[in-house]
Amino acid sequence: MLDFNPSGKKTILSVDGGGMRGLIPVAMLAELEAMTGKPAYELFDMVGGTSTGAIIAGGLALHLSAHEILEQIYKSRLPGAFPPDTLLGNLATYIRFIFNGLRYLYDLEPFRQALQPLALGRSLGDLQQPIFFATTKDVRSGDTYYMVSAGPGRAAFADWPLSGAVAASGAAPIYFPPVAGNLIDGGVGVYANPCLAVATEAMEYIGSAEEFVDDNVILISIGTGFAPRERDDGVASRYSLFDWVNYVILSGIDDAALQQVFVTRAIYSGRLDFRRYNPLLSRASIERDLDVPTGGLPDPAQLTLSSRRPEQIALMEAIGRAYARKLDWTREHVMPWDTPGGQPRQDMSTFPVDWAKTPFR
């Protein structure tokens, strides 16, 4: 059996946002359970997440295994939070979107129903081990709230229902209305990847009370997959308003997630063992590096927050499990570009600038 923590250090899990693409990290954790012979909630002392990552963290905090979260929420219930992905279903969605004033695509009630395994009348103050952490943003003040079940931040959120906290963390604007009228997805801003927030909460605020001290912590950060967004040379000169809005949103999310990784490593690499995992969602990489056949399956690069067709669900589970099997879970201080099938690191040499084509020379 695999033992990724033979020295018995304190372990922290951080999971990114990404909607239905949360299937990828939860499938990775289910595979890790199979390799270790232990449920994931026994493998981690603290579990944190944003949006879909908060769903996973909430399930683990309630002592659901990753396998149970995968089957009971992501494969069974969460697809029902969205209308059928058919021509008629999508048409009905956009008609409702127009008639509700372009406020949100999906009603909150089906999402609440999808979180039923977390609706056990439990509040954050009831949670013990592992420690729960999630982010949400309050539109009134613009502040990000760091919802936590231990340490000095616990008192502010002790009476918050766990299911409500998780729903607030996942209430993505345009997709869902705000929870309690004001709380939206914690990924609005820079915390779609909450690894820095989790590290700060554990090391600076909870600290020695839970033995989160220097040289005694492993922080595992898992993404929901990196979709390549390479564009043809010069295409931006033909972009319309819609193209730029789409680019700014998607690029901003990716940039923020990666910057959280770099900043966490810069601040804490000398104090804890930081490991970042995130698979590359390209057909070539998945077939070559993960040995997952994709013929006849959807394009992995097109997987989105609302990908819920059975073949998309099967593909995301296959990617997560295969990537988990390829990882060396014992390797310290690892980045995704150090892993088979992981998100690559790019620099200026990948896309050189041809100044000869411009008047600026």
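Colleague: Which residue forms a salt bridge with Asp16, and how far apart are the closest N and O atoms?

Modeller: A salt bridge is read from a side-chain nitrogen of Lys or Arg lying within 4 Å of a carboxyl oxygen of Asp or Glu. In this predicted model, Asp16 pairs with Arg276, and their closest N and O atoms are 2.8 Å apart. The two residues belong to distant parts of the chain, 260 residues apart: Asp16 is in the loop between strand S1 and helix H1, whereas Arg276 is in strand S7.

Colleague: Is Asp16 buried or exposed, and why?

Modeller: A residue counts as buried when its relative accessible area is under 20%. Asp16 is buried because its value is 5%, and Arg276 is likewise buried, at 2%.

Colleague: Which parts does the salt bridge of Glu317 and Lys75 tie together?

Modeller: The N to O distance in the bridge between Glu317 and Lys75 is 3.0 Å. Glu317 lies in helix H13 and Lys75 in helix H4, so the bridge joins parts 242 residues apart in sequence. Glu317 is buried, at 14%, while Lys75 is partly exposed, at 31%. Both residues also belong to a network of salt bridges that links them with Glu31, Glu71, Arg321 and Arg325.

Colleague: Where do Asp214 and Arg271 lie?

Modeller: Asp214 and Arg271 meet in a salt bridge of 2.7 Å, N to O. Asp214 is in the loop between helix H10 and strand S6, and Arg271 is in the loop between helix H11 and S7. Asp214 is partly exposed, at 41%, as is Arg271, at 25%.

Colleague: How many salt bridges does the count come to?

Modeller: The count comes to 15 salt bridges.

How values were computed:
Residues are numbered from 1 along each chain as its sequence is written. This is a predicted model: local features need pLDDT of at least 70, side-chain atom pairs count only at pLDDT 80 or more; totals for chains, interfaces and linings use all residues. Side-chain values use heavy atoms; hydrogens and water are left out. Helices (H or I, at least four residues) and strands (E, at least two) are DSSP runs, numbered from the N terminus. Buried means under 20% relative accessible area, exposed over 50%, partly exposed in between (1.4 Å probe, protein chains only).
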